[in-house]
Amino acid sequence: AAVIYWTRRDFRLSDNPALSAACASGASVIPVFLCDEGVEGLAAAPRWRLGLGAEAFAVRLAGAGSRLICRRGPALQVLRALIAETGAVAVHWNRLYDPESRRRDEAVKAALKAEGIKAVSHAGHAVHEPWTVETGTGGFYKVYTPFWKAVRGRDVEAPLPVPRLAVPEIWPGSEVIADWGLGHAMNRGADVVLAHCKIGEAAAQDRLEAFVTDRIGDYSDARDRLDVDGTSSLSENLTYGEISARTCWHAGMRALVAGKPGAETFLKELIWRDFAYHLVHHTPHITSRNWREEWEGFAWNTDADHPHVQAWMRGRTGLPVVDAAMREMYVTGRMHNRARMLVASYLTKHLLTHWKIGMDWFAECLVDWDPASNAMGWQWSAGSGPDATPYFRVFNPETQAEKFDPLGRYRRAFVAEISGKPPKTALSYFRAIPRSWDMGPGDPYPGAPVVSAADGRKRALEAYENRGF
Ligand code: FAD
């Protein structure tokens, strides 16, 4: 008999519960990747990066004597066709928690079960399944710190080893991922971003190893510095499951036991990711509506073509730290966490623009895009979300820049117009952006910000006052 292992965002052989369960059944295992409704709906950078992740996983599977069967079409329809072709008796996958994935997976599970196929989902994407963390009264957490306290002492199962993959005698036919054009919308900037990506399971393991060996000790302080490479950069790999969150948790725990001071902070950050899944599970509207009801009706600007919003997207606000951050995202596909908080605050508070415009732009540009973490980050920054900073606390981008980029290195690394002798990173921005933006490194930098730190703060506070909070 054969069983199908349906891979979605779990491109790894080690610590992969769905794959291990498929292998443990004793049947031959057919790994399948689908270009389904979930993939079709992705924005540019995540869609492109997902395709690269799947291709790398295909190579990894081939190295283990197996294959990745790739098919295009609605998930249920394609799985049914594969079951008919191969006589598969079961389908295994690792669970995702965002509303779209859940809707698809629940429909697939119900339909397959009704047809007598074993459809089994597994816990493989988070450290803790979202519904396993409960408050004393059986509810869910709306604030991070008690969530952290509830899980920090819990035992976390050891990562699973790489299983032995039994292969079918005859493989079903496969399409070629490259033919799907997943990178279509990235045609301009892909080569620039690619230089900053680390793709695949081995690369992810190397990243974790390097971080735990060299940087975790200083992580608590260094993680906030814009001009220091002080974090793990693992979000790119965690997003595609090229490494498991559980593996990262155990590496952090070993560092903690070894007395490395930054390790606990790293564990806490990993749990922020779990908290995002906890929230999206219990309050799925976090990805689409103000999490706090009272923000519905707030007079955000909702025009993405507004010149201020366009200046924000293009890194031309005239505030170097905001512009550096927006360009960092365009060049590397990622952005420093503090910079994400800063630019999100600037858009939603100084520019009084709806967080959804920012969230969608991040989804377009980030290779580590995660529906739950992105939505949580945006609503947290806007003040409309869970555990948010008080809405009236408005980050000052200038003082933040002085504190976290004291020598201006980060700003000069990404904004050519202020760099004198621009480094490669700053120049590569102009290779990545669309021609229609009509920007060049020789252009004069805006003489004044579109909205200054002081004016924006005043305007935001006035708007909040009129709202009657
Ligand atoms: P490290 O500092 O090394 O942390 C280790 C891991 O912990 C990260 O890889 C990540 O998986 C997790 N983590 C750390 N901070 C957070 C956080 N605040 N929320 C959730 N998980 C966290 N993260 C994404 O993975 N995808 C997104 O789309 C995303 N969008 C964001 C949008 C906004 C507005 C904000 C403020 C934050 C967003 N984050 C997002 C969270 C955070 O900025 C990134 O996870 C982090 O910058 C990744 O860098 P790193 O891997 O070096 O993190």
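Four helices each supply at least two residues of the shell around the ligand: α10 (235-239), α12 (263-282), α15 (337-350) and α17 (371-382). Helices here are DSSP runs of H or I with at least four residues, strands are E runs of at least two, and both are numbered from the N terminus. The model is predicted: local features need pLDDT of at least 70, side-chain atom pairs count only at pLDDT 80 or more, and totals for chains, interfaces and linings use all residues. Residues are numbered from 1 along each chain as its sequence is written.

The ligand is surrounded by 27 residues. A residue counts as near a molecule or strand if its C-beta atom, placed from the backbone, lies within 6 Å of it. The closest are Thr-231, Ser-232, Ser-235, Asn-374 and Gly-377. By class, the shell holds 11 nonpolar, 10 polar and 6 charged residues. Nonpolar covers Ala, Val, Leu, Ile, Met, Phe, Trp, Tyr, Cys and Pro; charged covers Asp, Glu, Lys and Arg; the others, Gly among them, are polar. Domain 2 (126-155 + 192-282) and domain 3 (293-464) each give at least three residues to the shell.

An unreviewed UniProt entry annotates a "binding site" at Tyr-219, Thr-231, Ser-232, Ser-233, Leu-234, Ser-235, Phe-266, Asp-368, Trp-369 and Asp-370. These residues span 152 residues in sequence, and their farthest two C-alpha atoms are 22.6 Å apart, so they do not all gather at one spot. UniProt positions follow the numbering used here, feature names are shortened, and annotations may be inferred rather than shown by experiment.

Tyr-219 lies in helix α9 (residues 219-222). Tyr-219 is buried, with 24 other C-beta atoms within 10 Å. Buried means 20 or more other C-beta atoms within 10 Å of the residue's own, exposed means 12 or fewer, and partly exposed lies in between, with C-beta atoms placed from the backbone. Leaving aside neighbours within four places in sequence, Tyr-219 is in contact with Gly-230, Gly-262, Thr-265 and Phe-266. Contact requires C-beta atoms, placed from the backbone, within 7 Å.

Trp-369 sits in the loop between α16 (355-365) and α17. Trp-369 is also buried, with 25 other C-beta atoms within 10 Å. Beyond four places in sequence, Trp-369 is in contact with Ala-45, Pro-46, Thr-239, Phe-362, Ala-363 and Asn-374. Ser-233 occupies the loop between α9 and α10. Its phi is positive, about 60°, although Ser-233 is not a glycine. Ser-233 counts as partly exposed, with 18 C-beta neighbours inside 10 Å.

The chain is assigned to domain 1 (1-124), domain 2 (126-155 + 192-282) and domain 3 (293-464). These bounds come from an automatic or database domain assignment. The C-alpha centres of domain 1 and domain 3 lie 36 Å apart. Their contact takes 7 residues from domain 1 and 9 residues from domain 3. The side of domain 1 that touches domain 3 has 5 nonpolar, no polar and 2 charged residues.

For residues 1-127, the unreviewed UniProt entry lists "domain: Photolyase/cryptochrome alpha/beta". This span is 47% helix and 24% strand, and its end C-alpha atoms lie 32 Å apart. In strand β1 (residues 2-7), 6 of the 6 residues are buried, so β1 is largely enclosed by the rest of the structure. Ala-2, Ile-4 and Trp-6 point one way from β1, while Val-3, Tyr-5 and Thr-7 point the other way. β1 pairs with strand β2 (residues 28-35) in the parallel sense over 6 bridges. Pairing requires at least two DSSP bridges between the strands. Ile-4 stands opposite Ile-30 in β2.

Val-3 in β1 has 25 C-beta neighbours inside 10 Å and counts as buried. Not counting residues up to four places away in sequence, Val-3 touches Ala-22, Ser-25, Ala-27, Val-29, Ala-88, Val-89, Ala-90 and His-92. Asp-15 lies in the loop between β1 and α1 (17-24). Phi of Asp-15 is near 45°, a positive value in a residue other than glycine. Asp-15 is buried, with 22 other C-beta atoms within 10 Å.

In helix α13 (residues 307-314), the buried residues are His-308, Val-309, Ala-311, Trp-312 and Met-313. They pack against α14 (320-332), α15 and α16. Just after α13, Gly-315 takes a positive phi of about 70°.

Conventions. Contact = placed C-beta atoms within 7 Å.
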